[in-house]
2 protein chains.
Amino acid sequence: MLRALKDELSDETFIYFGDTARVPYGAKSAPVVKQFSLQNSLFLLKQEVKLIVVACNSASATALTFLQERLSLPVIGVIAPGVRAALDAVKDESPIGIIGTRATINSGAYQRELSRLKPGVKFEAKACPLFVHLVEEGLVEGEIAQKVVEYYLKDLKNAGIGALILGCTHYPLLQPAISAYLGSGVRIVDSAVSTARAVRAELEQRQMLNSKGQGLGKIFASDISAGFAQLAERFFGEKLPPVEKVEFEVADFWV
Amino acid sequence: MLRALKDELSDETFIYFGDTARVPYGAKSAPVVKQFSLQNSLFLLKQEVKLIVVACNSASATALTFLQERLSLPVIGVIAPGVRAALDAVKDESPIGIIGTRATINSGAYQRELSRLKPGVKFEAKACPLFVHLVEEGLVEGEIAQKVVEYYLKDLKNAGIGALILGCTHYPLLQPAISAYLGSGVRIVDSAVSTARAVRAELEQRQMLNSKGQGLGKIFASDISAGFAQLAERFFGEKLPPVEKVEFEVADFWV
């Protein structure tokens, strides 16, 4: 996502915050994802950002409206752009597949947006909780990855989907295994590029485009674990600036 | 663990707190696990407990001394009891296997305790990050579970281990698949019973044993997600009292 944003908007400055101390969000309930997302947004506000992209699908699916109601700056999620990209990719009547975490799929956010933009559209949604952990573990190919892909995607394949929305930031790293299983007839839709375009449109409309930003600004994370920098670079595709650790109050935490 | 404690100490009252909003701890760095564990302990102190059991292996492995230095009540971890159980189980010179999360294995806590109690003892340690997610997903048997078990345990099997310490609270649910792969010659060691005995010994020594407790007292959790009650009952083996959700301050969180 950061990569797509930087490519689309090379004259902006990007501040990234990854809540690595509390991920994954995909197995948490909607109230907790909302609270965490609001805390994370308030941290970005302190960095004086002009727009927030909720780059996590689980947070976009459950907390986007909650954030938009509470913050006075534009907040862009990944669901609507992903749905538009999927509708662009499928021109016949074949159903659209949606995969994501349990939080994302159970929220029904993708399903609602598909039906809103194309009433009567057919879709098949499936939560794939293990995918994120296969990616974190680097197991994106080989027998285990293939078996897990088959386990989760069998029903979507049988339903004859024409496109598959990768509704989780981790899933693009599994794309080769997913494509190998579904076959080349199924278009794989990643919302990153589509979201970056939505951000450009929002900034243009508000006349907030920058022409002298520095590209990648600061990278913050709430935890810096052993594999974090390595995983981040696999996602980003090149070296990242040093990650700054964000701290929180330890005392008087639980009410 | 709660089950083993209740069986060993039926006249005590147990207050359980599961930090379900922030689990899993196994992929987090030691500083974050320490901070989270201290916050959770301070919550239990507010419930006026007389002793704390750190029932999470990742927290025991990285934060036990940190907690003991900061709290004035006894704090018991699962590492030392697990090691004693393993040394009891292996009477020959075959190496002891240790499996756990990345946080647990990287901490070296099991390895140090084994060497301290039996200098020169041979062991083989292996982090198995996917195991906890297989259990959460209910995939504890079948082809995927078998492949993942083989993937992680191949080296331990080849090393000819005589016992295997299940160094994570989730792993006992995978025990059938693990035993099937390793064969009946390998003793499987779960630290729950051994830890419960250590708690009894500590309470006896301090003359703090209760004779009129109520068994299971309150169950607290920081998140109540869709599958939580079901998973908790699979661990506990019987119906649990209603779970009370613990809240935290949302504003002014990140420093």
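Biologist: At what angle do α8(A) and helix α9 of chain A pack?

Modeller: In this predicted model, helix α9 of chain A covers residues 175-182, and its axis and that of α8(A) are 10 Å apart. The crossing of the two helices, α8(A) and α9(A), is right-handed. The packing angle is about 50°.

Biologist: Are α8(A) and α9(A) oblique or roughly perpendicular to each other?

Modeller: Angles of 65 to 115 degrees count as roughly perpendicular, and those under 35 degrees as roughly parallel. The angle between α8(A) and α9(A) is about 50°. The two helices, α8(A) and α9(A), are therefore oblique.

Biologist: Which residues of α9(A) make the contact with α8(A)?

Modeller: From α8(A), the contact draws on Ala145(A), Gln146(A), Val149(A), Glu150(A), Leu153(A) and Lys157(A). By class, the contact of α8(A) with α9(A) has seven nonpolar, one polar and two charged residues. On the side of α9(A), the residues are Ala177(A), Ile178(A), Tyr181(A) and Leu182(A).

Biologist: How many charged residues has the side of chain A that touches chain B?

Modeller: The contact between the chains takes 34 residues from chain A and 34 residues from chain B. In chain A, the elements that give two or more residues to this side are α2 (30-46), α5 (102-107), α7 (129-136) and α8 (143-158). By class, this side of chain A has 18 nonpolar and six polar residues, and the number of charged residues is 10.

Biologist: What kind of rotation axis relates the two copies?

Modeller: Chain A is superposed on chain B by a rotation of 180° with 0.0 Å of shift along the axis, and the RMSD is 0.0 Å. The two copies are thus related as by a two-fold rotation axis.

Biologist: Which residue of chain A comes closest to the rotation axis?

Modeller: The same surface serves both copies, with 100% of the contact residues of chain A recurring in chain B. Of the residues of chain A, the one that comes closest to the rotation axis has its C-alpha at 2.5 Å from that axis, and this is Arg22(A).

Biologist: Which are the edge strands of the open sheet of four strands in chain B?

Modeller: The order of this sheet of chain B is β5-β4-β6-β7, with parallel pairing. Its twist averages 20° from one strand to the next. The strands that pair on one side only are β5 (123-127) and β7 (187-190) of chain B.

Biologist: Which residue of β5(B) does Gly100(B) stand opposite?

Modeller: Strand β4 of chain B, residues 96-100, pairs with β5(B) in the parallel sense over five bridges. Helix α8 of chain B (residues 143-158) lies across β4, β5 and β6 (163-167) of chain B, at about 175° to β5(B). The residue opposite Gly100(B) is Ala127(B).

Biologist: Which residue of β9(A) stands opposite Ile219(A)?

Modeller: An open sheet of chain A has three strands in the order β1-β8-β9, and its pairing is parallel. The edge strands of this sheet are β1 (13-18) and β9 (243-245) of chain A. Strand β8 of chain A, residues 215-221, pairs with β9(A) over three bridges. Opposite Ile219(A) stands Val243(A).

Biologist: Is the peptide bond from Val23(A) to Pro24(A) cis or trans?

Modeller: Pro24(A) is in the loop between β1 and α2 of chain A. The bond from Val23(A) to Pro24(A) has omega near -5°, and the peptide bond is cis.

Biologist: In which loop of chain A is Glu48(A) found?

Modeller: Glu48(A) is not a glycine, although its phi is positive, at about 60°. The loop that holds Glu48(A) is the one between α2 and β2 (52-53) of chain A.

Key
Residues are numbered from 1 along each chain as its sequence is written. Chains are lettered from A and ligands numbered from 1 in the order in which they are written. This is a predicted model: local features need pLDDT of at least 70, side-chain atom pairs count only at pLDDT 80 or more; totals for chains, interfaces and linings use all residues. Two residues are in contact if their C-beta atoms, placed from the backbone, lie within 7 Å. Ala, Val, Leu, Ile, Met, Phe, Trp, Tyr, Cys and Pro count as nonpolar, Asp, Glu, Lys and Arg as charged, and the others, Gly among them, as polar. Copies are superposed by least squares on the C-alpha atoms of residues with pLDDT of at least 70 in both. Two strands pair if DSSP finds at least two bridges between them. Axes are lines fitted to C-alpha atoms, for helices over the stretch in contact, and angles run from 0 to 180 degrees between N-to-C directions. Angles under 35 degrees count as roughly parallel, over 145 as roughly antiparallel, 65 to 115 as roughly perpendicular and the rest as oblique. A crossing is left-handed if the near helix is turned anticlockwise from the far one by less than a right angle, and right-handed if clockwise.
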